[in-house]
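Please look over the two-chain model shown here and work through how its parts meet. What can be read from its contacts, its helices and its buried residues?

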Amino acid sequence: MSAVQLAASSSQQTPHRQRSLRPLVRLLIYAILLLGLAVTLVPFVWILLTSLKPASEIVRIPPTFFPERWTLDSYRTIFTDPKVPLARFYFNSAFVAVSRVLITLFTSSLAGYIFAKYNFRGKNLLFGFILVQLMIPFQVVMIPAYLILVQLRLIDTLWGLIIPSMVDAFGIFLMRQFISTFPNDLIDAARIDGAGEFTIYRRVVMPNLGAPLATLGIFTFMATWNDYLWPLIVITTHERRTLPLLLTWYTSQHGQRYDLTMAASILVLLPILIVYIFFQRWIVRGVALTGMK
Amino acid sequence: MSQVAIARRAGAPRKERTGLRPGQRVFVWGALIPIFLYLGVFALFPMIWVVVLSFFNYSPVRVGDGPFGLGGRNPFIGLGNFAAMFAETQAGQLFRISVKNTLLFAFLVLIVNLAITLPLAVLVENVHNRVKGLFRAIYFLPTVSSAVAVAIMWGYVYHPQQGLLNNFIKMIGLTPPKAWLTDPAAFVFGVPLAMIAVIIAYVWMDFGYNLVIFIAALQGIPHELRDAAHIDGATGWSEFFHITIPLLRPTLLLVCTLTMISSFQVFVIFQVMTGGGPQNQTRSLTMEIYENAFRYQAMGWAASMSLVLFAMVLIVTLVQFRILRTDWEY
């Protein structure tokens, strides 16, 4: 996570010069890389193909790789299962993820801006507290966090998934790093023009934070969408489950029906894969820049 | 993790200590007071409270007569929870097994991960720019996937009869293991087979992170250095060991730290794929904390175990700081 370190090392990207490798070596390199590609992709392809097989074909030993008869039966079964109101679960996941993204972006950029551009008493102490937060594993604070939610009567609500994580220490740190490089002249000019401090944040600073906000936003979205442990603790009512919770529940109900459980896995994976395809550059660059995890 | 050092460097030139003008004061404190009040409740209080709980035999289902439900039937037991970690009780044994498993898991994940990502990053660096992006994007794909879906997917890949892996092993003419995830008597080099299966699935899911970080770091190595090495007659291997590896040292250290720390905190893949079995061979510390806190409601005991997890993270971080102090410049 040491952002600057990596940012520094990757910003000085010297133009890559293609060195001449012997054809045989080149062939070998591509062979290894393609093998890696296969290992990465085959499990995805395998579950996708499994979800497209009829139930009778699943139990066959040895199994078929490609379906002998292609069918959407498994998806049809899930879509028509009255115990699986899919739209509800997609909504739950999307509501929690989008809320957390918006709130995190706001609090991170605001606090990050203040830590980057203002001098005040207690600043180092407060920022030090933010840095300490980065070192605390979630499992360490989850028990007290749960007890707080009980007191606030937020157990078994979607808000219980949002409210404990409205301020993200890493987000504040990341924003502070970016805003530190932002020229003071622009801020001062706006100030001379009589702009209020919040207006400067909203009109001058925010519009220049496109890249870091996008990166932080995508990562918050993916982390929330895939989060399992906290929803597992907080949510008990079936209708309030998020997609990962739905998936383990569904699997526990249909253990041996791999056509169904793999189809359900595909349904959970699909949205995040679509997000990834669209934002792939941002995501990969974000990791390279920040080591975010 | 190494942010502290960086922050200190980045914030070094402190300008005038004038403080804030009135309008700025309203803005700064108007924003920071709510944020830090919030953090007081959801960050500082939990940190303190987890320490407090670790000194009590606390369960939320019992009503204590003291403040915050402590005392009475949730008695103060001093270091009792920590003593119990070393006791020959079932709870103590499970705790020690889970710590051992977590350390074994983190150590093996680190080795396997580095053994894959470092060479792979060098190879990706050597292919044409246009396909490089494609390789990188696809290798990164598993890391964005839902851990639950990955665990369920790999559970099926490991299925003894129908699974992809065993059928592949049979296809190439070898004898596959009887069961990957459920056979307590299967070991490879003394490591339970189920643990190896979890490690493979986790590395598959996670290697993209380190790969991307290594590729970025490799791109940062000044080409003059490599060219100079070439003029001096360095070949591929000696270049790798004498130029690339030493220059990657800071990145390598960072990656090792992050990989260790995140491996300590892995939960989903254990919980969903093996449930800790067979015979607790894949029971992780995180699972032990979760189950005690939320299944058995033994929150004091779980709190003390989560402090052990914190200590593990802290030690790795401090070691990294310590090594980072030694200078590296190029």
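This is a predicted model: local features need pLDDT of at least 70, side-chain atom pairs count only at pLDDT 80 or more; totals for chains, interfaces and linings use all residues.

Q: How many residues does the contact take from chain A and from chain B, and which helix of chain A gives the largest share of its side?
A: The contact takes 84 residues from chain A and 93 residues from chain B. On the side of chain A that touches chain B, the residues divide into 56 nonpolar, 24 polar and four charged. The largest share of that side, 13 residues, comes from residues 258-290 of chain A, which form helix α15.

Q: At which residue does α2(A) bend, and which proline follows within four residues?
A: Helix α2 of chain A, residues 23-51, has 29 residues, and from its first C-alpha to its last it reaches 41 Å, close to the 42 Å expected at 1.5 Å a residue. Within this helix there is a bend of about 35 degrees, located at Leu41(A), and the proline that follows within four residues is Pro43(A).

Q: Which elements of chain B are included in what covers the buried residues of α2(A)?
A: The buried residues of α2(A) are Leu33(A), Pro43(A), Ile47(A), Thr50(A) and Ser51(A). Their cover includes α3 (55-58), α4 (73-80) and α15 of chain A, and from chain B it includes α4 (90-125), α5 (129-144) and α6 (147-157).

Q: Why is α7(A) described as largely enclosed by the rest of the structure, and how many of its 14 residues are buried?
A: The buried residues of α7(A) include Gln139(A), Val140(A), Pro144(A) and Leu149(A), and what covers the buried residues includes α8 and α13 (229-234) of chain A as well as α2 (22-53), α13 (285-295) and α14 of chain B. The helix is largely enclosed because, of its 14 residues, the number buried is ten.

Q: Where does α7(A) bend, and which residue with a positive phi follows this helix?
A: The end C-alpha atoms of α7(A), residues 138-151, are 20 Å apart, which agrees with the 20 Å that its 14 residues should span at 1.5 Å a residue. After α7(A) comes a residue whose phi is positive, near 55 degrees, namely Arg153(A).

Q: Is Gly160(A) buried or exposed?
A: Gly160(A) has its place in helix α8 of chain A, residues 159-162. Leaving aside residues up to four places away in sequence, Gly160(A) touches Leu149(A), Leu154(A), Ile155(A) and Val234(A), and its C-alpha atom is separated by 6.8 Å from that of Val234(A), 74 residues apart along the chain. Because Gly160(A) has 24 C-beta neighbours inside 10 Å, where 20 or more are required, this glycine counts as buried.

Q: How is α11(B) oriented relative to α14(B)?
A: The axes of helix α11 (residues 249-264) and helix α14 (residues 299-325) of chain B come within 10 Å and cross at roughly 175 degrees. The residues of their contact divide into ten nonpolar, three polar and no charged, and those from α11(B) include Leu253(B) and Phe264(B). The crossing angle is over 145 degrees, so α11(B) and α14(B) are roughly antiparallel.

Q: What percentage of the residues of chain B count as buried?
A: Chain B has 14 helices and two strands, and its C-alpha trace spans about 75 × 70 × 30 Å along its principal axes. Among its contacts with a separation of 6 or more, 64% are between residues 24 or more positions apart. Of the 330 residues of chain B, the share that counts as buried is 42%.

Notes:
Residues are numbered from 1 along each chain as its sequence is written. Chains are lettered from A and ligands numbered from 1 in the order in which they are written. Two residues are in contact if their C-beta atoms, placed from the backbone, lie within 7 Å. Ala, Val, Leu, Ile, Met, Phe, Trp, Tyr, Cys and Pro count as nonpolar, Asp, Glu, Lys and Arg as charged, and the others, Gly among them, as polar. The expected span of a helix is 1.5 Å times one less than its number of residues. The bend at a residue is the angle between axes fitted to the seven residues ending there and the seven starting there. A residue is buried if 20 or more other C-beta atoms lie within 10 Å of its own, exposed if 12 or fewer, and partly exposed in between; C-beta atoms are placed from the backbone. Axes are lines fitted to C-alpha atoms, for helices over the stretch in contact, and angles run from 0 to 180 degrees between N-to-C directions. Angles under 35 degrees count as roughly parallel, over 145 as roughly antiparallel, 65 to 115 as roughly perpendicular and the rest as oblique.
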